Amino acid sequence: MKSAEIREMFLRFFEEKGCRRAASSSLIPDDPSLLLSNAGMNQFKQYYLGKKTMREIGACSCQKCVRTGDIDDIGLDGRHLSFFEMLGNFGFGGYTKKQACEWAFEFITSKKYLNLPLEKLYFTIFTDDDDAHDIWREIGVAEDHISRLGADDNFWAAGPTGPCGPCSEIYYDQGPEIGCGRPDCAPGCDCDRYLEFWNLVFTQYDRQEDGSLPELPHRNIDTGMGLERITAIMQGKSANYDGDLMRSLITVGENLTGVTYQTDTRKDVSLRILADHARAVTFMIGDGILPSNEGRGYVLRRLLRRAIYHARLLGVEGAFMGTYLDEVIRLMGDAYPEIVENSELIHRIVKSEEERFSATLKTGSSYLEAELLALQEGATLPGDIAFKLHDTFGFPYDLTVEIAKQSGHAVDEAGFKAAMEEQRNRARSQVKDVAWTKFDTVWVALADSLKHETFVGYDTLESDSLITALVADEASVESASAGSKVDVLLDKTPFYAEKGGQTGDAGFIEGDGFKLQVLNTTCAEKTLTVHHCMVLQGEVKVGSSCSALVDGMRRERIARNHTATHILHAALRQVLGTHVNQAGSLVEPNRLRFDFTHFQAMTREEIEEVERIANDRIMANLPVTTRVMSIDDARATGAMALFGEKYGDVVRVVDVEGFSRELCGGTHVTSTGCIGFVKIVSEGSVSANARRIEAVTSYDALAYMNAYQHQVQNMAEALKSSQKDVEARLNDVLSTLKSYEDEQKKSKAQAAAQLAKDALDSAQTYGSVNAVVARFDGVDVEGLRSQWDIIRGHLGETCACVLASAAPNGQALILAAGTQSAVDAGFNAGALIKEVAPLVKGGGGGKPIMAQAGGKDAQGIENALAAARDVLSRIGA
């Protein structure tokens, strides 16, 4: 039985029991306490706490998950995965613990479903959970196949306080040949004989600070079964990597490297890492995560770089990940269409990261080489250096150890691990401890208790409404008086709430005896439109009738900019390629900002072509229409779903006739001519894989061009030129200025050459090294290096120098340099600098061939040069 069959069979089974089939939530969780989605129950937390209710008896899902807490263990055995699929069924009081056990038993033992042999199945329960024991016995499980385990194994808790409850785990006996051989081997043993594949958690208590366990509002069911693990069992395999999906990806590695799996333990690790990380990378990018140096983007980058490193260990050079991506998409694209829709972008981002990491490896290698050169023979490389290589350059620790070993050095593993643990502690301290408490807010309660509000803002800018709730200081209030700030909920609103990059509406809410200014409008809990208001007059109360009026001119300016972003998006895809996807946007009344996936700066010609296409469509006055339809119908029309965006079952499609079609809930003009024209005012980098343009439209574009013209006019007046000749006149001025600068450089070079000649006259021989010790005040470090270049050209093959400069601000600079033959003869620039730098109250360092120092006390230069001569005099002694 294939993975895809098991996935669909599970979901269909629980659908038939009355559960709602829920789509996998994105790997980018709504929960701020989570970096990445890591369990099926993440999207149902509000239901668990009774803050939301579900019409169906429960839910079921196959959730995309990423867990990287044990990333360094992934690949070492056949168990650990960074990306996995979690099959789960969930109940929020709609069905009982007994039903959950009965259904689990039916699914795994029935001939209609998995048909696992009962004698191979073992069940663990919490020590005190007699209820679970009796249920399993009643269903037909033998007494000797039920074990009681303690809280560490069979009691789940969200934290020290909060939701918790006993759990029951189901194990599959893989046979004594897989196990440890101990006579007491049983479910819960650390060996692989008894493989846990399904965990049924009965979340029924709310643990208090004093340790008491009152019941939750209703008893919950939360089960999780790893698809990869049950697939391996069903296919008679003992490891996750041997199931059909993972084995197909390992085959990709075999074909790329020529290595046969399970013939070399070390190479097996690399093949497993490549298979696992390829899936994780594909799905993370498919859900809108881009590589970066922090947060989930850093996790993605680390997984990618770890995969590239292990490919290098297997002899793969150059870009290779595309082959893995194609196989992941082929295997899993039917179940997860987002990776198909974003396949080109996934390929481009991964290829860009491969190229960047190749360059990073070179930089890191140079850094490591310098650190190793600075060590004394046989010395150990400090752990913090290994950590910096790992953290900054993406150097795997094993690679650092290997390179250091080739140079005759060990690495301080304990120091490296200490630095790693310190980093983990910093990361833990930054995670918001709101995994469950965030859902106990006034907005969650209001979202569940209030009748669903009606948004009428697509058709009108005003409505007669009823105030359904008032919130001040995160608490519901019954009234608010003049001079106070209050958040207002209405049963019907024309105000658009900030989302999708579009800023919220502003305006007024008025009623009998009160007037409120709406400063901004946002969305809470995905369903509530929150009007952030200042009470201007009177007292407003819950239940009051009112008139809601949107600022029409402001809304129109926002609509122009929003439609312009759609037009620019389509134009960018025409000019740069279909890999361009929206990666963020901001639509305000006076400007728009659009972030998009692209891998290099746009040329001036590309920007002008995008502007030309966009304004051509604006001047064509194309109709802009909107339709509401199912997500499947929208995709069938070719409507573009924005990268990383989450959509419901019903969506709104905005169509710029014959040019652009996107899923969008924002407000737009009725025809493109309303925009006037659009002007791109800047283009720049957001990250390695994203660019940003900023633009203005309509009157703001006119104001921008007028300001630009004023600048040109002022320049023309300053240059005593007409506006049309200002460029030619400016070029003449710059040419003249360059001539002056060239003359100045020539004079400085001649002066420097004379200074060097004078210094050469003072050269002395130390051992077999000809050396100059001299002072060149007013010269920077680059100037000192230029002097060394001149001196080296005249002193011969075995020469060196120690040069110093007093800067106008009282700082001191010292440079020591020598040829390789001088170093071979005993000259060491780094050692010399360390000895003389304290005499100018400074410090420095470098390599034996060149080093430099800076100091606070230029008055100490003469003493430093005298000390340098003393050091040189010891050459050959």
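Me: Is R591 buried or exposed, or partly exposed, and what is the relative accessible area?

Reply: This is a predicted model, in which local features need pLDDT of at least 70, side-chain atom pairs count only at pLDDT 80 or more, and totals for chains, interfaces and linings use all residues. Residues are numbered from 1 along each chain as its sequence is written, and side-chain values use heavy atoms, with hydrogens and water left out. Buried means under 20% relative accessible area, exposed means over 50%, and partly exposed lies in between (1.4 Å probe, protein chains only). R591, with a relative accessible area of 26%, is therefore partly exposed.

Me: With which residue does R591 form a salt bridge?

Reply: A salt bridge is a side-chain nitrogen of Lys or Arg within 4 Å of a carboxyl oxygen of Asp or Glu. R591 forms one with E588, and their closest N and O atoms are 3.0 Å apart, while E588 is partly exposed at 23% relative accessibility.

Me: How many salt bridges does this rule give?

Reply: The count comes to 44 salt bridges. Among them is the one between R79 and D192, whose closest N and O atoms are 1.8 Å apart. This pair links distant parts of the chain, 113 residues apart, with R79 in the loop between β2 (58-66) and β3 (83-92) and D192 in the loop between β7 (162-173) and β8 (194-207); here the strands (E, at least two residues) are DSSP runs, numbered from the N terminus. R79 is partly exposed at 33% relative accessibility, and D192 is partly exposed at 32%.

Terms used. Helices (H or I, at least four residues) and strands (E, at least two) are DSSP runs, numbered from the N terminus.
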